[in-house]
Structures are given as C-alpha cells and as structure tokens.
Amino acid sequence: MPFIIITILLCVLLILGLYYLVTRIHRFSPFQRIAEKSRFLSWLAASIPLILAIIAFAFYPYEILIPALHLMAFFGVGDLIGFLIRKRREKSVRYDFIGGGVILFTTVYLAFGWFFAHHVFETAYVLETDKQLGADSVRVVMIADSHLGKIMSGTDFAEELERIQQTDPDLLLIAGDFVDDDSDRESMETACRALGTLKTTYGIYFTLGNHDKGYFNNRDFTEIDLRNALTENGVIILEDETARINDSFYLIGRKDRSYSDRLSIQALTEPLDQSKYMLVMDHQPNDYKNETEARVDLVLSGHTHGGHVFPAGLIGLLIGANDKVYGYERREQTDFIVTSGISGWAIPFKTAAISEYVVIDITTGE
C-alpha cells in the first residue's frame, strides 16, 4: 500500500512538473506574440516540445526524463532569480534572457554529465600497512558497475582493460554489477573474453552485485551463463569466501547484501589469522560499522556510482542506504574506498561523479 501511494504521488508531481514546463515555454516572446492573436494556438504551440518529448520517451526514457527533471529544477531557480532581481531593482527582466539562460545552462550541465558517463578516468590511491604483503607493495586495480549494456558495451569494456593492463596490476578486483537487465549475451561474453587476456600477478577476482543476478529475467543469458563465462576466462568468483593471496594476505569476497543468506563479516574473518592483511570486496558500502569492528584492513565497494545524478548520493546517505557515496575514508584501523564505477546503470549522464577505474598501491611500512 505505501508503495502504491508513493507511486501515485510521484505521478502527480511529474504531471504538475510537465505542466510547469509548458508554462515556462509559453512565456517566451514568440509564444506571447501568438497569444495576442489566439491563446489556444499559443498554448498548443508551447505544448509541442512536450508532446514530442513524450513520444521520444517511449524509445529513450532516461535520455528524456533526466533533462526534463533538470529543466524543471533549473526553471524554478530561474524564476527565483527573476523574482529577486525584480525585488532589488524594481524592474522586470525580459523572460527570454532568463529562460534562454536556463536552457543553455541545462544543456551545458548535461553535456558534461554525458561526457563523464562515457569517458573513463584513472583514480589512484596509495595506502600503507605495517602488515606483511609478501612483497614491498601490491598494486590492486578495482572496477565496479560496468552494467554492460546501454552506456558501456563489451567492446568498450575490452578497450578499458587495455588501459588497465598498462598499469601492470598485481590483482584485478571486480566489485559487482558487471551486468544488469539491459545486458546482452554478446557484450557479456566479449567482456569475459577480454578479462581472460589480462595479465596479472595474482589473478582476477569477482563478487556479485545486486544487478548481476538480474531482476526481470529478460536477458538472453542466465546468471549461470555469466558465472560460466567468467570462470572459463580465469576469473575467480568469491561469494562469502576467502582466498589466500601469495600465501601472505587474505582477499574476502562478500555476497551482496541483497542475498538473505549472506554471512556476517565477523563469521568470515573469525577463522583467519588476524595478523595478516585482510582485503574485502563488498559491493554495497553499507556495513562499515561491522567491518571496522572486525578489524579488516581495506574494504572496496561500488554500487553508488558516486551519486550518479545529483542529489541521489545525498539522499542515499540521508536514508541510510549507504555509509559512503564516493572516495576514501578511514575508520580506526580500516580503510574504505568506494568507486563511482567504470560505467553506470541506464542513465546516460553522470552529473555527480566521473566514470573511473581505481588503482590502489598498498605498501608495507616494515
């Protein structure tokens, strides 16, 4: 019942927002000139962009919805600015300037968002530990949230792996959401074959995210097909399991928190030698308190996409969905890193973050 009520409220708000957009378009001088002859024709003309957008929405839902939502918000800001100018100068500003400024700002803002969603950056961290690693340093490359499909194809993923190969990784860790419901078998298999060609010192490890298992059973491959394609190309899947790396430190891959049978971090770490370095892959950054109390050394996560579209990340923090949205944090003896992801789910804009892979150099202080 609450879900139905929320859905109805959102639909009502969207309808009101669309009406608001039409009223803003109608204020531009060409439509006002039409209104001098016929108000009906002026409103009809002002509605044409909205009608075209609704038709396009059937084919490109997020490409239409996200700009529409931003226009609603920025037109609201534009109206506030116009009001403040009138109060201060006691003189109205021609709406064409305010409305034109809003459209220009929205276009530039979302153009940057499109760029950051479709171009991958390298982000580097250097961490130090007093524990032995079996080497002076270990280079870990983490990727997450490729969501193979709308934004990143299997071929795109393979090209990014060529860049990652140049970093000379000791470990490649894939922290979930490799695929989603928009993925197809061809992209999935292409990406897996590319993983099979990557050369590392200690291997490639993967832990599933909430999208990897699929939600709607509408893909042309199954979760078992995904697992087989990964393992056939040398990727080791960890699900509430631990791997001993170089006989010197532990890699713990946690089941995603969406699995009801997931083990606690305490259950996973209790049998381990606590003097060894413990590196954890946990797709969703949502168990920081317990992971800190378990005294693990490093936790790597994705899931948040760095907030993806502002202010989604802040909302996630406020409602307790995530302990962190992006970047590095240290709690007591535990380091936490959340990546914004090498790509993203469905929405082809990233206005709150970049797309990235993460290079982490862990060095020993002894």
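Predicted model: local features only at pLDDT ≥ 70, side-chain atom pairs only at ≥ 80, totals over all residues.
## Ser42 in helix α3

Ser42 lies within helix α3, which spans residues 39–57. Because its relative accessibility is 0%, Ser42 counts as buried, the cut-off for that class being under 20% relative accessible area.

The side chain of Ser42 reaches the backbone oxygen of Arg39 at a distance of 2.6 Å. When its neighbours within four places in sequence are left aside, the residues in contact with Ser42 are His26, Phe31, Ile34 and Ala35.

## Helix α7 and its surroundings

Helix α7 covers residues 185–197, a run of 13 residues, and the distance from its first C-alpha to its last is 19 Å, close to the 18 Å expected at 1.5 Å a residue.

The buried residues of α7 are Ser187, Met188, Thr190, Ala191, Cys192, Ala194 and Leu195. These buried residues pack against the helices α6 (154–165) and α8 (223–232), and also against the strands β3 (171–174), β4 (203–206) and β5 (235–237).

## The β6–β7 hairpin

Strand β6 (residues 241–245) and strand β7 (residues 249–253) run antiparallel and are joined by 5 bridges; Thr242 has Ile252, in β7, as its bridge partner. The hairpin has 3 residues between the strands, and in this hairpin Asn246 takes a positive phi near 55 degrees.

How values were computed. Residues numbered from 1 in each chain as written. Heavy atoms only, no water. Helix = DSSP H or I, 4+ residues; strand = E, 2+ residues; numbered from the N terminus. Buried < 20%, exposed > 50% of the residue type's maximum accessible area, 1.4 Å probe, protein only. Polar contact = N/O pair within 3.5 Å; in protein donor to acceptor, adjacent residues only side chain to side chain. Contact = heavy atoms within 4.5 Å. Pairing = 2+ DSSP bridges. Expected span 1.5 Å × (residues − 1).
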